[in-house]
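Thanks for coming, everyone. Please bring up the sequence and the model, and we will walk through them together.

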Amino acid sequence: MRNRRFLVPAALVGAFGITLVPAATAEASSSAAVGHATTPNPHLTLTFANSGSEAHDADVIVRLAGLAAGSATVSIDWGDGSVFSTESVSATAATDSGINLSPVRHTYTALGTYKLTAVVDDGQGDMFAGHTVVATGSEFTPFGPARILDTRKNLGATGPLGSKGIARLQVTGVHSGTQTVPAGITAVVLNVTATQETAGGFLSVYSNEDLAGAALPVPTTSNLNFGPSQNVANLVIVPVGADGKVDFSNGSAGSTHVIADIAGYFTATSTASRYLAMTPTRILDTRKGLGAAKPSVAGGHSIDVTVAGQNGIPSDATAVAMNITSAGSTAGGYITAYPTGQALPNVSDLNYSTGVDRANMAIVPIGANGRITFANGATSGHTDLIADVSGYYTRDAVTGASTYNPFTTPIRYFDSRGTGTDADLGDLYPGPLAANKNYPIPVSSPDSPYTAMVYNVTVTQPTGGGYLALDPYDPSYPSTPTTSNLNFSPGQTVPNLAIATPGNQTDPKFGTYDDAAIYLGATGTAQVVIDWFGIFSQ
């Protein structure tokens, strides 16, 4: 796969007017200034204007202010024994209003979390030290799956979760069999379900503090949308702060019970698995006898599907990222995907209703003989199952294998309902979007090491039923995608996690950026919202 440079929204300033800067690492914090009234720069300060990381690299921009006279030198201690000193900065270049110094990059020999310290010194008694924490890429370890939150049973938190209420869940230290989630993880994979809601609304799942322990607010993004009395699930990959906890915020006017099943976690260790992005590939469709026998799966029954060694997935892959869809169901129920050979766990990956096609993303460990089991937990009826793989995890040193960098704070990247401020790319395609058409969105430039993006994609206000596919953009790609990310009916608001692979083609309006493409296979129009949660990088 061709390398790409990650397109952060800051890189689009001027072209699209975007001013957001996603923080792939912890935010900056500063110590007190050291200075005296008799020295020339008593108000000398610096902060980290932005800090971000790739698999082994950190990019830092330092903001300097209060240099009213003379000159000063800025030094950066990278936290691994390496120190970088900038050229001397003059007072005319760094006034009280402050300026951003030129970006600086550092390459670490090992994955990990590092404390960066920047010091400015005017050589005349004025100094100031600022700090930030950067986490280089993290790798995946499958876990369970296991249920760690169920407010109906006071597991993990006491429920239900009231309007605007917040439930705080301890993730590190939880057990399942012989496994324990260790301290120091960077992100956790959870399948989150809302149930028994008294009003429609949404859930936001997030970390309430960064890697340095600094408090973070409730984000403006969402992970899960629901209506009254629904069972709605969605996968989340959420950063974990220094306290080892994640928060669940109820954005509705009523109450809801919340369930969370853990499927794995990310750590800065080279003994876990890295991610290989793929062009989305359908590996299971019981309607057509693809991957399993053609008959649909009856309630109380299961099917085993060979995953490893098929469709470009190696035989020693540890887990796959797949979108699971229930179609043509004759009764409501739920689907559990788990490693073949393991006992049926008390978790779910997908909840569905009679006659409604429903999809949900899952990261599923691969079991005995390279297989995954799909169990239908319904008490009656049957449903067809479809599974589309977007990538896999491996411990092998494979070209293109990537580590994960969660954004400390997720961002709203695209919203076809945009107000014209250009803050969320909404002006690219003022909605609603029409059906049966590709809408390219800029993702990365051709020299970037980034291989996949973690998005939460939401369809809302659809006038007809259909599906959404988020695919690598390529004019030669089939006009009708062969995979999908979510299914919707008229009037529904439906979200789903997507681990999207950028294409190798550009749309002329974006210059040199490679693109992903939004495609609506529908009978009407719909509004589309994309929230960005993290990146995979080489």
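Let me start with a term: a contact means heavy atoms within 4.5 Å. Now take contacts in the protein chain between residues at least 6 apart in sequence: 78% of them join residues at least 24 apart.

Some ground rules. This is a predicted model, where local features need pLDDT of at least 70, side-chain atom pairs count only at pLDDT 80 or more, and totals for chains, interfaces and linings use all residues. Residues are numbered from 1 along each chain as its sequence is written, and side-chain values use heavy atoms, with hydrogens and water left out.

How confident is the predictor? pLDDT is its confidence in each residue, from 0 to 100. The mean for the protein chain is 84, and 86% of its residues reach 70 or more. Be careful with residues 1–36, where pLDDT is below 50. Beyond near neighbours in sequence, that stretch has 132 contacts in the model.

Next, the overall make-up. The protein chain has zero helices and 38 strands. Both are DSSP runs numbered from the N terminus: helices are H or I, at least four residues, and strands are E, at least two. Of the 538 residues, 59% are buried. Buried means under 20% relative accessible area, exposed means over 50%, and partly exposed is in between, with a 1.4 Å probe and protein chains only.

Now the core. A nonpolar core is a set of buried Ala, Val, Leu, Ile, Met, Phe, Trp, Tyr and Cys residues joined through side-chain atoms within 4.5 Å. The largest one here has 32 residues. Y455, V457, L468, L470, I518 and V528 have the most contacts inside it. Elements giving two or more residues include β31 (403–415), β33 (450–460) and β38 (527–537). Which strand gives the largest share? That is β33, with five residues. Look at V457: leaving aside neighbours within four places in sequence, its contacts include L468, L470, V494 and V528.

On to aromatics. Rings of Phe, Tyr and Trp (its six-membered ring) pair if their centres lie within 6.5 Å; planes under 30 degrees apart count as stacked, over 60 as edge-to-face and the rest as tilted. The structure holds 17 such pairs. Why is the pair Y108 and Y114 called stacked? The ring centres are 3.9 Å apart and the planes are at 15°, so the pair is stacked. Y108 and Y114 are both buried. Elsewhere, F140, F266, Y275, Y393, Y404 and F536 form one aromatic cluster.

Y393 also turns up in our next stop, T318: among the contacts of T318 beyond four places in sequence are P142, S273 and Y393. T318 sits in the loop between β24 (302–306) and β25 (319–327). Its relative accessible area is 11%, so T318 is buried.

Last, some backbone details. The peptide bond from G144 to P145 is cis, with omega near 10°. P145 lies in β12 (residues 139–150). N369 is not a glycine, yet has a positive phi of about 60°. N369 is exposed, at 69% relative accessible area.

Technical notes:
pLDDT = per-residue confidence, 0-100.
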